[in-house]
Amino acid sequence: MVNIPNTFRMDVRAKIYAEYRSVDELRELLQQYRGERLLHIGAGSNLLFTGDFNGVVLHSAMRRARATREDDSHVFIEAENGLVLDELIAQLCDMGLSGMENLSYIPGEVGASAVQNVGAYGVEAKDVITEVRALAIADGSERTFTHAECCYGYRDSIFKNDLRGQYIITCVTYRLDKQFVPKLDYGNLRGEVGANPTPMDVREAVIRIRRQKLPEVSEVGSAGSFFKNPIVPREQYEAIAAQYERVPHFDQEGGVKIPAAWLIEQCGWKGKTLGGAQCYAKQPLVLVNTGNATPQDVITLAQNICNSVHDKFGITISPEVNYI
Ligand code: EPU
């Protein structure tokens, strides 16, 4: 058994851990391990392993990116699945290309960005993804998915639903802008950015904000936001707003988004620990491993938090991380 890398720093093992450097190598691995349980991971930054994995864990060591075409306003960048998303964004900001700077410092790799539709500070991966290339696990054939075919939603895509476990994303094309129109409307981003910012200035401001609120992946075990922010019917929000002062909320299509962080804080979980797992004091949406958390500690803490949010507010919050 070999250790599985994961940012939650869970001590978990798989039968086999294999990396590939080309799509052909990936095909060979799929042939070789046909019949085994398979799990393809990125940086392991959005996963909670509930125990050892009795199968084969695959990871991409394909890390190239190149411009494939451009028009008057855009440059299209095709990036391989194993490239660290933030390394790509740093290079793009350096080149003065914009559109992804608000996604700076999100842990994870290109392939996962297209599965999970990662998002931050008013931008989601779906806003810049134009197409996704993927390999069918069943027969090794390649397929290109248009943006529409990916069925993107909040932290959601077809690869998490109808096509779950059927394809491995190998390549993602992002559309970058040549002309910079900063998107600064989320939270205090505008205040953190100076006048006439460049994409790099926005990137640096996003990194500063993230560092203040979120645990450093290199220092503390976590998988970022553990829960999704719930969207509730307007009447339910209004009933809560009548009982509590200043309920943070964001109008959405089909309802009102209430930050899970606020709900969890109201239930008194901020900073609370269970075994080695902790509800992060600076951002209670995040659960962290204080050093010796077991998967069960995290699962129980998450369940207790969900239960108390449900008891107090009648709202079901669901995990954003994938349980394996
Ligand atoms: N809040 C509290 N108490 C706290 C912290 C926050 O009540 O201790 C409330 C505040 O009202 C605040 C609101 O929560 O305005 C929102 O907080 P924040 O701006 O930090 O964002 P979030 O909703 O908690 C989401 C994403 C993050 C992303 C940020 C910024 C999800 C699940 N999470 O968090 O994504 O970085 O917005 O765009 O949508 C991730 O997915 O791993 C992640 C970190």
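This is a predicted model: local features need pLDDT of at least 70, side-chain atom pairs count only at pLDDT 80 or more; totals for chains, interfaces and linings use all residues.

Helix H7 gives the most to the shell around the ligand, contributing 3 residues.

In total, 24 residues surround the ligand. The closest include Tyr-121, Tyr-154 and Tyr-186, together with Asn-229 and Glu-265. Sorted by class, the shell is made up of 12 nonpolar, 5 polar and 7 charged residues.

Asn-229 places a polar side-chain atom 2.8 Å from an oxygen atom of the ligand. For Gln-283, a polar side-chain atom likewise lies 2.8 Å from a ligand oxygen atom. Ser-225 takes part through its backbone: an N or O atom there is 2.8 Å from an oxygen atom of the ligand.

Which elements give two or more residues to the shell? They are strand E8, at 119-120, helix H5, at 199-213, strand E13, at 221-225, and helix H7, at 260-266.

I come now to the cysteines. A disulfide is a covalent bond between the sulfur atoms of two cysteines. How many disulfides does the model contain? The count is 0, with a cut-off of 2.5 Å between cysteine sulfur atoms. Consider Cys-171: the closest cysteine sulfur belongs to Cys-150 and is 13 Å away, so a bond is ruled out by distance. Cys-171 is also buried, its relative accessible area being 6%. For Cys-267, the closest cysteine sulfur is that of Cys-279, and because the separation is 10 Å, the two are too far apart for a bond.

My last item is Met-95. This residue sits in the loop between helix H2, at 85-94, and helix H3, at 110-116. Is Met-95 buried or exposed? Its relative accessible area is 56%, which means that Met-95 counts as exposed, the threshold being over 50%. Relative to Phe-49, Met-95 is 46 residues away in sequence, and their C-alpha atoms are 38 Å apart in space.

Thank you for your attention.

Notes:
Residues are numbered from 1 along each chain as its sequence is written. Side-chain values use heavy atoms; hydrogens and water are left out. A residue is near a molecule or strand if one of its heavy atoms lies within 4 Å of it. A polar contact is a pair of N or O atoms within 3.5 Å; within protein, one must be able to donate a hydrogen and the other to accept it, and residues adjacent in sequence count only if both atoms are side-chain atoms. Helices (H or I, at least four residues) and strands (E, at least two) are DSSP runs, numbered from the N terminus. Ala, Val, Leu, Ile, Met, Phe, Trp, Tyr, Cys and Pro count as nonpolar, Asp, Glu, Lys and Arg as charged, and the others, Gly among them, as polar. Buried means under 20% relative accessible area, exposed over 50%, partly exposed in between (1.4 Å probe, protein chains only).
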